[in-house]
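This report describes the chains of the structure shown below and how they meet. The contacts of one chain come before the fold of another.

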Amino acid sequence: MALRILLGLWLAVVIVLGLGLPMVAEPQHWYDLPIVPGLEEKARIIFFHVPTAWLSVVGFVAALVYGIRYLRSRSIEDDSRSAASAGLGFLFCLLATVTGAIWAKSSWGTYWNWDPRETSIFVLLLIYGAYFALRSAVEVEEKRASLAAVYAVIAGVTMPFFVFIMPRVIASLHPEPILNAQGKIHMNTAMLLVFLASLAGFTGLYYWMWKVYVKVEQLRRRIQQPTGG
Amino acid sequence: MQEFFGQNALYVVLAVVLVIWAGIFGYLYRVEKKIKKLEQQIGKP
Amino acid sequence: MTTLRADRRFSWLRSVIAVYAKDWHSELRTRYAISALLMFVVTTIAIIMFSLGSEDAPPEVLSGMLWVVVFFGAMSGLARTFVMEEERGTSMTLQLLTGPSAVYFGKLLFNLVLVFGLNSVTVVLYLLLINGFVVKTVSIFLVTLILGSIGFAAAATIIAAIIARASTKGTLYPVLSFPILLPLLLTVINATRMAGEGAAFSEAYGEFQLLISYIVVVIAASTVVFDYVWKD
């Protein structure tokens, strides 16, 4: 339990630093954040928006991995883990899409632009939606688990194609060029530290939520089968 | 009021996010506690 | 010894063709599905014509729309081969008669034939009736059509197998298929646009490579995974 309190404090500190550290044109103190031309204060979003996008991918990969595990083990535990990962991935994908849209509106005027990044996160959202639509359409537990796992595999196998398609699609509005324009190290130390801390913290949060989800499912199954266990 | 908001918008956001986070954290913590209790209850028989 | 092995491989091929032939003859007998599909294509293209009126839509839009029609045509027809087994209760018999891979490839073959037929009709009608749509580089267009159709059949078949075991098959099919087909769709739309602009054949190599790898990857994954879908 102490670890969880630590996680709570960690993320609270990340939030305070991410939103509170001063942003100056010429960073002088070790804790100053640089002003990114064109973004200024809005660059702080990187501490919160990117981790949600990262977690939506983590959720997908985890769902895929546990799905494959289920297909080989036939243990319903693995399916619970897979579904839990997908559920969280879905949540964070929604958050990433929404925060991305809000940011797009404030930076470039429109909520949605169909640039490669936005399109990929949208497709991920569709895949999650399809995954849960499939799950809710199958009554038998084992069949549901198998079909869901199979779909995760097919989706996992076709997703990488987007990486290759994106370059062929028209130029992106995503600010990575702006941040990268400063050369190899696109974030100064303070920014990088807060960013990595946020990434770590959110991943920890994901892991905690996932464990809770899985435990609840386990308990539910144990309660429904008092003789089992 | 609007001036205050305009100048300190960022800190308002900070406060809001902290409150949201406190809520999420508190909720997760409570759920975890309940799970522990249930696990002990079930683990026995 | 070699004759035994040859026999086994040969009999697998025969199973595949048998599965295909069974589906094929069953469709020919009723013809409901094929006529419904044709009507679907005709109606959709008619709607597009009416909505365009005498206006000309930009060629990029028209390239995209062609594949929208193809997509929904595929969604109307390609699930039949598996859903029909469930509906008629013949699924278990088929499981007993032959191995999963023969079933998969047999039905893939069936869907391939269906898709080629459907797309040919769609493309011909589209070219004839939609005025703004011109194809300058025919070679790109043809190759795109062929590879695109195979890709459609590949993805649509495995998803069809999945939803045949679910309850809300009709609405579920496009929902599951769309994300999987999206890379394919984006690529063929892009290639069709290139054909419309008169790009050189070599410029589309990237697209063709993508299409071929997509087909290979999807079919390979499907063969591995089909067992888990098919076996009860």
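Two residues are in contact if their C-beta atoms, placed from the backbone, lie within 7 Å. This is a predicted model, in which local features need pLDDT of at least 70 and side-chain atom pairs count only at pLDDT 80 or more, while totals for chains, interfaces and linings use all residues. Residues are numbered from 1 along each chain as its sequence is written, and chains are lettered from A and ligands numbered from 1 in the order in which they are written.

**Contacts of chain A**

Between chains A and C, the contact takes 24 residues from chain A and 26 residues from chain C. Helices (H or I, at least four residues) and strands (E, at least two) are DSSP runs, numbered from the N terminus. On the side of chain A that touches chain C, the elements giving two or more residues are α4 (116-136), α5 (141-158) and α6 (160-165) of chain A. The largest share, ten residues, comes from α5(A).

Chain A also meets chain B: 16 residues of chain A are in contact with 15 residues of chain B. Here α1 (2-20) and α8 (189-224) of chain A each supply at least two residues of the side of chain A that touches chain B, and the largest share of that side, eight residues, comes from α1(A).

The table divides both sides by class. Ala, Val, Leu, Ile, Met, Phe, Trp, Tyr, Cys and Pro count as nonpolar, Asp, Glu, Lys and Arg as charged, and the others, Gly among them, as polar.

| Side of chain A | Nonpolar | Polar | Charged |
|---|---|---|---|
| Touches chain C | 20 residues | two residues | two residues |

**The nonpolar core**

A residue is buried if 20 or more other C-beta atoms lie within 10 Å of its own, exposed if 12 or fewer, and partly exposed in between, with C-beta atoms placed from the backbone. A nonpolar core is a set of buried Ala, Val, Leu, Ile, Met, Phe, Trp, Tyr and Cys residues joined through C-beta atoms within 7 Å. The largest such core has 128 residues, and A:Leu134 and A:Tyr151 have the most contacts inside it. Helix α7 (residues 138-164) of chain C gives the largest share of this core, 17 residues. Leaving out residues up to four places away in sequence, A:Leu134 touches A:Leu147, A:Ala148, A:Tyr151, C:Ala166, C:Leu172 and C:Leu176.

**Chain C and its helix α8**

Chain C has nine helices and zero strands. Its C-alpha trace spans about 60 × 40 × 30 Å along the principal axes. Of the 232 residues of chain C, 44% count as buried. Among contacts in chain C with a separation of 6 or more, 86% join residues 24 or more positions apart.

Helix α8 (residues 169-197) of chain C has 29 residues and reaches 39 Å from its first C-alpha to its last, close to the 42 Å expected at 1.5 Å a residue; the expected span is 1.5 Å times one less than the number of residues. α8(C) bends by about 55° at C:Leu181, and C:Pro183 follows within four residues. The bend is the angle between axes fitted to the seven residues ending at a residue and the seven starting there. In α8(C), 21 of 29 residues are buried. Just after α8(C), C:Gly198 takes a positive phi of about 80°.
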